[in-house]
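Subject: Handing over the model

Hi,

Here is the structure I promised to pass on to you. My notes on it follow below, so please read them with the model open.

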Amino acid sequence: MSLYIDKKYVNLVSTSLEKFKWKKVNLANCRCPICGDSETNKNKARGYFFGNTDSYFYKCHNCGISYNIYKFLEVVSPALFKEYCLEKFKDKNISFEETLDDEDVYTEFNKTTKYEMIEELPPDHVAIKFLLKRKIPENKWNRFGYTKKFGIFAKEFNSDYSNLLEDDERIIIPIFDENNQLIGVQGRSIGSVKPKYITLKANDKIRLTYGLDTINKSKTIYVVEGPIDSLFIPNSIAVLGLGNFLEIRNKLKNEDLVFILDNEPRSRNVANMMSQLISENENIVIFPNDIKQKDINDMVLNDYDVLDIINANTYSGARAVLAFNTWRKCHENFNR
């Protein structure tokens, strides 16, 4: 019955989703309404609904967002979300105002998977050279590891990851939850190997956030996309994907957050996400037009005082709307 209700609401919300199509009995495809999918190819559709034993889930292979149908409807269609909650939970003592997002989603995986700690490597090691080249502070090196065979490492971490190249040299970025439990790993290529980042999860249902184990919730928390960028800003976390910026409020409901998206004015996906955050009255950084670097690490490499720039260009409310419109107009004029 639960699966039937989930599929019913997938069909109901499908009328608002571009390129929606059922591929199989329990698999549907559409353009992602969270990130907008491809800017250049309007036929690209990388959002998928899939059903398991008793529930439906949504996953976008462009922005990386992963929701159960409950959360998807809450974000995309609040009206249908209320109807869904009333129907699904009418025979249970659950109010649709209650969150269902904090359920235990952990499954068995190897928390003792081994990798080499950076501190144990010789000074001329390729991983040390990478960290030095990116100007990553040495007091942050303890948050990195290294493996010469990422494919083997990934399979040991979670047996579901059995299709990766064994001889793939990568920097290891462990991801812990608020209780210091290892729940994910990101592997960053050292050379020109693609993809640059590969993210491993203990379970597909886990929504990874880097840095939750280190932040002070009583202070301002800076929210960026990538783990490496977060290391240059005090009290910072990384959401690991553009589509996850909106999701972080479910974990940090009352904290003072400042959102810092990559400085990509030509990206419609970035502009759309900025617009959504502004509409939610969040604090957001809008970089000055004379800064051309894409991300915080690139700004550090060009000797910018990143924290000063962030604090001087943080906006919310009407000021954010004005700054965003000015920023967008300047770049539209530049691109003509």
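Two strands are said to pair here if DSSP finds at least two bridges between them. Helices (H or I, at least four residues) and strands (E, at least two) are DSSP runs, numbered from the N terminus. With that, β7 (residues 145–147) and β8 (residues 170–176) pair in the antiparallel sense, over three bridges. Within this pairing, T147 stands opposite R170 of β8.

Before the rest, a word on the source. This is a predicted model, in which local features need pLDDT of at least 70 and side-chain atom pairs count only at pLDDT 80 or more, while totals for chains, interfaces and linings use all residues. Residues are numbered from 1 along each chain as its sequence is written, and side-chain values use heavy atoms, with hydrogens and water left out.

The overall picture

The protein chain has 10 helices and 15 strands. Of its 336 residues, 49% count as buried, where buried means under 20% relative accessible area, exposed over 50% and partly exposed in between (1.4 Å probe, protein chains only). A contact means heavy atoms within 4.5 Å. Among the contacts in the chain with a separation of 6 or more, 56% are between residues 24 or more positions apart.

The sheets

Strands of a sheet pair through backbone hydrogen bonds, either parallel or antiparallel. The β7–β8 pair belongs to an open sheet of five strands in the order β6-β7-β8-β9-β10, with antiparallel pairing. Its edge strands are β6 (116–117) and β10, each of which pairs on one side only.

A second open sheet, also of five strands, has the order β12-β11-β13-β14-β15, and its pairing is mixed. Here β12 (236–238) and β15 (314–315) are the edge strands, each pairing on one side only. Strand β11 (residues 221–224) runs parallel to β13 (residues 257–259), joined by three bridges. In that pairing the bridge partner of V223 is F259, and that of Y222 is V258. β11 is also joined to β12 by three bridges, again in parallel, and there V223 stands opposite I237. Both faces of β11 are covered: I221 and V223 on one side and Y222 and V224 on the other are all buried.

β3 in turn runs antiparallel to β4 (residues 56–60), joined by five bridges, with C60 of β4 as the bridge partner of G47. β3 and β4 form a hairpin with four residues between them.

A helix pair

Helix α2 (residues 69–76) packs on helix α3 (residues 78–88) at an angle of about 145°, with their axes 6 Å apart. Axes are lines fitted to C-alpha atoms, for helices over the stretch in contact, and angles run from 0 to 180 degrees between N-to-C directions. The contact is made by I69, Y70, L73, E74 and V76 of α2 together with P78, L80, F81, Y84 and C85 of α3.

A lysine to look at

Is K201 buried or exposed? K201 counts as buried because its relative accessibility is 14%. K201 is placed in strand β10 (residues 197–201), and its side chain reaches the backbone oxygen of I206 at 3.2 Å. Leaving aside residues up to four places away in sequence, K201 touches K59, S66, F157, N158, Y161, I183, G184, I206 and L208.

Two backbone angles

Most residues other than glycine have a negative phi, and most peptide bonds are trans. L240, which is not a glycine, has a positive phi of about 55°. L240 is found in the loop between β12 and β13 and is buried, with a relative accessible area of 17%. D303, another residue other than glycine, has a positive phi near 65°. D303 lies in the loop between α8 (296–301) and α9 (306–312) and, at 64% relative accessibility, counts as exposed.

Happy to talk any of this through.

Best wishes

How values were computed. A polar contact is a pair of N or O atoms within 3.5 Å; within protein, one must be able to donate a hydrogen and the other to accept it, and residues adjacent in sequence count only if both atoms are side-chain atoms.
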